[in-house]
Amino acid sequence: MGTDRVILGNGEHCIYSTDPEITGLNNNILVVGSSGCGKTMSISEARLLETRNSSLIMTVTKRRIVKKYRNMMEERGYEVWDLNFVHPEEGSIGYDPLDYIQTEADITFTARSIVLADGRKIKSNADPYWDEAAISLLSAEIGYVLETEEHPTFGDVLDMHEHLTFEECAGQIRTSYDRQFELLELADPSCFAVRCWKSFQQLPIRTSSCVFGALNTTIDSVFGKEIRTMFCKEKKVNFEHLASGKTLLFVTTSPVNPALNCVINLFYGHAFKELFEFAEDRPDGKLPVPVHLLADDFATGCPVPLFDEYISIFREKQISVTLLIQSESQLQALYGDRAVTIINNCDSYVFMGSMDLQTARNISLRADLPLEEVLYMPVGRQILFRRGQKPVFTERYDILHNELYQSITRRYEEQLAGGTGREPD
C-alpha cells in the first residue's frame, strides 16, 4: 500500500511524504491559528484531497464538507461513515461506549472518562474522593448492565441510573437495586459490579446523596436526548474495521454546543485505546492501514483521556493526528503541564498567526524573531516548523488554485443548483 502526502503551506517545499521511513519523523501535526485564519480550508480540506491510502477520522463543524467530499472518497475506494453528534438520526453510523468494553479495566476507563468529562476538574483542588466514589457507582451500573442484558447499550446504563433511588435504614442506605445485586452476587461472588456497588452502598446517606447528585449532573450534561439515539443505531463504529481497510469517518460536532465536546472526547479516548490495542495484538505491532485523526477545535471542552501518553507512542503503531487549536494557552488551560508533552510529540508545527502572548513568545524563540513580528505577522502568512529543520516562512496553502478542489467545488455547486437548490444528502 502506498503512502499519502501532506500539504502544510504554499510551494513544493511545504509538501511532505507521510512515510516515516523516508522522513524519519512522526506524522503528528499541530496547527495553531486564530479563528478565521484558514485552518479548515488550507489544512483540513487539503488533507482530504491528499488522502488516498490511509484511513481518516475527521472532525467537522460544517456539514458541507461531508456532503462535498463523500463522493470523491467513495470513488477512491473508501468506505465513508457519517457519525453525527449534532443530529444523530441523520448520520449513517452510531457510537456506544459499551461496545469497547472487554475487561474490568475497560469499565473503569469508561466510567472515569465520563466522570472527569468536565475540563474544569483538571484544575480543581477538590478532594478526588468524590470523583472516585462516582466512578465506582457508574462502574457498578455499567457492570450490572453488561452482566444482565442480552444486547446491552449505554442507554440501558442511563435508564438504570435514572431509576436508582435510595433511603437511610438503620444507619445504612437501602436502594432500589439491592435485590438485583444480591442475586448477582449469589451467581458470582467475585463479580466486579457487585464489588463496586458495595463501595457505594456502604457510604453514609449524606455522602451517597452528594455522589449520586454529582454523577447526575455529569450524565445530564454529557448524554443529552439526541446523543442517546446514537446507541440505537444498527451500525456502530468499529475501529478494527476502520484500521483494516480504507475508511473515512466524518465526526460532526457543533461550535456552539460545548456539551458535545465531552462525549466527542470520550469517543476520541476510545478511538486511541482501541486502535492502539488492535495494533498491539498484531504480529508486527502495527495497524494494517495507517489511521490519521484530524481534530478541529481540539483544545475545547474536556481533555481526551490519556492523550498525552498515547501521542508519545503513536508512530510505532501507524497512528497519527493533526490537532487544530487557537493557541498554546488554550491547550495549556485544558491539559495543564501535559500540554508540553503533546506539543513536543508533534514533529510538524504550523503557526498561522495568533494574538496570544504565550504562543507568540514561544514562536519568537523557536523562529528567532522579535516578538512584535510574530504578533503582527500579516494575515495569510505562516511559519512552518519541522523537527530537525530550520523554520520555513511561507504563505498558507491556497487551495483555491488546486485543480481537484476546483473540480469538486464545481460538482458540489451544480448539485446545489439542481432540483430544490438545497444541499445534497
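What share of the 425 residues in the chain is made up of buried residues? The figure is 54%, where buried means under 20% relative accessible area, exposed over 50% and partly exposed in between (1.4 Å probe, protein chains only).

1. Basis. This is a predicted model: local features need pLDDT of at least 70, side-chain atom pairs count only at pLDDT 80 or more, and totals for chains, interfaces and linings use all residues. Residues are numbered from 1 along each chain as its sequence is written, and side-chain values use heavy atoms, with hydrogens and water left out.

2. Overall fold. The chain has 18 helices and 13 strands. Helices (H or I, at least four residues) and strands (E, at least two) are DSSP runs, numbered from the N terminus. Along the principal axes, the C-alpha atoms fill a box of roughly 75 × 50 × 50 Å.

3. Contacts along the sequence. Take the contacts between residues at least 6 apart in sequence: 73% of them join residues at least 24 apart. Contact means heavy atoms within 4.5 Å.

4. Main core. In soluble globular proteins, nonpolar side chains tend to be buried together. A nonpolar core here is a set of buried Ala, Val, Leu, Ile, Met, Phe, Trp, Tyr and Cys residues joined through side-chain atoms within 4.5 Å. The largest has 103 residues, and Phe 85, Phe 223, Phe 267 and Phe 307 touch the most other members. Helix α12 (residues 259-280) gives this core its largest share, 13 residues. Phe 267 is in contact with Ile 57, Leu 83, Phe 85, Tyr 95, Val 237, Phe 239, Leu 249 and Val 251, leaving aside neighbours within four places in sequence. Another core lies apart from the largest one; its 34 residues include Tyr 16, Tyr 78, Phe 250 and Tyr 397.

5. Rolling a probe the size of a water molecule over the atoms shows where empty space is left. On a 1 Å grid over the protein atoms alone, a cavity is a set of points where a 1.4 Å probe fits but cannot get out; a pocket is an open set with protein on both sides within 12 Å along at least five of seven lines; lining residues have an atom within 4 Å of a point. Grid points are joined across faces, edges and corners, and a volume is the space filled by probe spheres set on the points. Four cavities reach 30 Å³ or more. Val 6, Ile 7, Leu 8, Ile 29, Ile 43, Ala 46, Arg 47, Leu 294 and Thr 322 line it. Helix α2 gives the most to this lining, three residues. By class, the lining has seven nonpolar, one polar and one charged residue. Here Ala, Val, Leu, Ile, Met, Phe, Trp, Tyr, Cys and Pro count as nonpolar, Asp, Glu, Lys and Arg as charged, and the others, Gly among them, as polar.

6. Second largest cavity. Its volume is about 40 Å³. The lining includes Thr 40, Ser 44, Met 58 and Asp 296. Two or more lining residues come from each of α2 and β4 (55-60), and β4 has the largest share, three residues. Three lining residues are nonpolar, four polar and two charged.

7. Second largest pocket. This pocket has a volume of about 460 Å³. It is lined by 23 residues, of which Thr 18, Pro 20, Asn 27, Pro 290 and Gln 318 are the closest to its centre. The lining splits into six nonpolar, 10 polar and seven charged residues.

8. Positive phi. Most residues other than glycine have a negative phi. Leu 306 has a positive phi near 60°. It sits in the loop between β9 and α13 (307-310) and is partly exposed, at 34% relative accessibility. Asp 368 also has a positive phi, about 55°. Its loop runs between α16 (357-367) and α17 (371-375), and Asp 368 is exposed at 69%.

9. A buried loop residue. Ser 54 lies in the loop between α2 and β4. With a relative accessible area of 8%, Ser 54 is buried. Beyond four places in sequence, Ser 54 touches Asp 4, Tyr 78, Val 289 and Pro 290.
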